[in-house]
Amino acid sequence: MANTLFTSRIGGVSSPPFDSFNLAAHVGDDPGAVAKNREILASIIGLPRNQIFFMNQVHGNVVAVIDEASDPQSAPTADALFTTTPGFALVTLIADCTPLLLKSKSAVAAVHVGRKGLVADVFEATLEVFNRHGVSNEEITGEIGPSICRACYEVDLNTYREVVSHNPAAATDETRRCLDVAGGLAARLNGAGIEFRASPLCVLHTPGYFSYRRDEVTGRQAGVVWL
Ligand SMILES: [Zn+2]
């Protein structure tokens, strides 16, 4: 049985501009406030803080496998966390990028997918780890959380063309050069035969979410998955 949670900026203790439920330690927030927010997250999901695993996200395609030997205090440099261990919660942090949670009866993964992750095939790299652990695509379901939407995510023309050439479903209108990262990811999930649901919420134009595009100095919300 797998569980999932997407947080918003509501419910934590951080002061502006990180108000209030910032879960990221790398954005300039008071470390004590971040630690308290991570304790709040632990109490919400009902697991001890030392069974919640974060990662140092770099917009790449490395998948870190978390097991009993993993240290919850030392975040691996990766853009996906995978585990087969019940009671270990995996966290992806975002403030515009697309959070993807993948789950099956015996394994779960938290994936950080932005436009760079889409080009770097981090989703496919994560699927390979499921398959290597004996979990077929048909056994996996997905959840795409709130992220910046196709109306808000304007980029320069070269970036637009690079992403769209690799991910045609991320295209919108070249004159506006807005990317649909969640749409591109949804097409990949469909192509892999994975059932999923996707949040319609945009973190930039919906109140209650952190958006780097909108605020620059800001916090990060989370997607969390655990067995
Ligand atoms: Zn939007």
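Phe88 is buried, with a relative accessible area of 12%, where buried means under 20% relative accessible area, exposed over 50% and partly exposed in between, for a 1.4 Å probe and protein chains only. The model is predicted, so that local features need pLDDT of at least 70 and side-chain atom pairs count only at pLDDT 80 or more, whereas totals for chains, interfaces and linings use all residues. Residues are numbered from 1 along each chain as its sequence is written, and side-chain values use heavy atoms, with hydrogens and water left out.

A search of the whole structure finds two aromatic pairs, a pair being rings of Phe, Tyr and Trp (its six-membered ring) with centres within 6.5 Å, counted as stacked when the planes are under 30 degrees apart, as edge-to-face when over 60 and as tilted for the rest. The rings of Phe53 and Phe88 have centres 4.9 Å apart and planes at 40°, and the pair is therefore tilted. Because Phe53 belongs to strand 2 and Phe88 to the loop between strand 4 (80-83) and strand 5 (89-94), this pair ties together parts that are 35 residues apart in sequence; helices (H or I, at least four residues) and strands (E, at least two) are DSSP runs, numbered from the N terminus. Phe53, at 3% relative accessibility, also counts as buried. The rings of Phe82 and Phe130 likewise have centres 4.9 Å apart, but their planes stand at 90°, so this pair is edge-to-face. Since Phe82 lies in strand 4 and Phe130 in helix 3 (residues 122-132), parts 48 residues apart in sequence are tied together, and both Phe82 and Phe130 are buried. A further ring, that of Phe54, has the charged end of Arg38 over it, 3.6 Å from the ring centre; the criterion is that NZ of Lys or CZ of Arg is within 6 Å of the centre and within 35 degrees of the ring normal.

The largest nonpolar core has 37 residues, and those with the most contacts inside it are Leu100, Leu102 and Phe123; such a core is a set of buried Ala, Val, Leu, Ile, Met, Phe, Trp, Tyr and Cys residues joined through side-chain atoms within 4.5 Å. At least two residues of this core come from each of strand 4, strand 6 (98-103), strand 7 (108-113), helix 3, helix 4 (157-166) and helix 5 (181-191), with the largest share, six residues, supplied by helix 3. Apart from residues up to four places away in sequence, Phe123 touches Leu100, Leu102, Leu185, Arg188, Leu189, Ala192 and Ile194, contact meaning heavy atoms within 4.5 Å. A second, separate core of 18 residues includes Ile40, Leu41, Ile45 and Val91. Among the buried residues of helix 5 are Val181, Leu185 and Leu189, and this helix is followed by Gly193, whose phi is positive, near 75°.

Four strands form an open sheet of mixed pairing, in the order 1-10-5-2, where two strands pair if DSSP finds at least two bridges between them. Strand 1 (3-6) and strand 2 (52-53) stand at the edges with a single partner strand each, so one side of each is left without a neighbour in the sheet. Strand 1 pairs with strand 10 (residues 221-226) in the antiparallel sense over four bridges, and Phe6 stands opposite Gly223 in strand 10. Leu5 lies in strand 1 and, at 23% relative accessibility, counts as partly exposed. The C-alpha atoms of Leu5 and Val224 are separated by 5.1 Å, although these residues are 219 residues apart along the chain.
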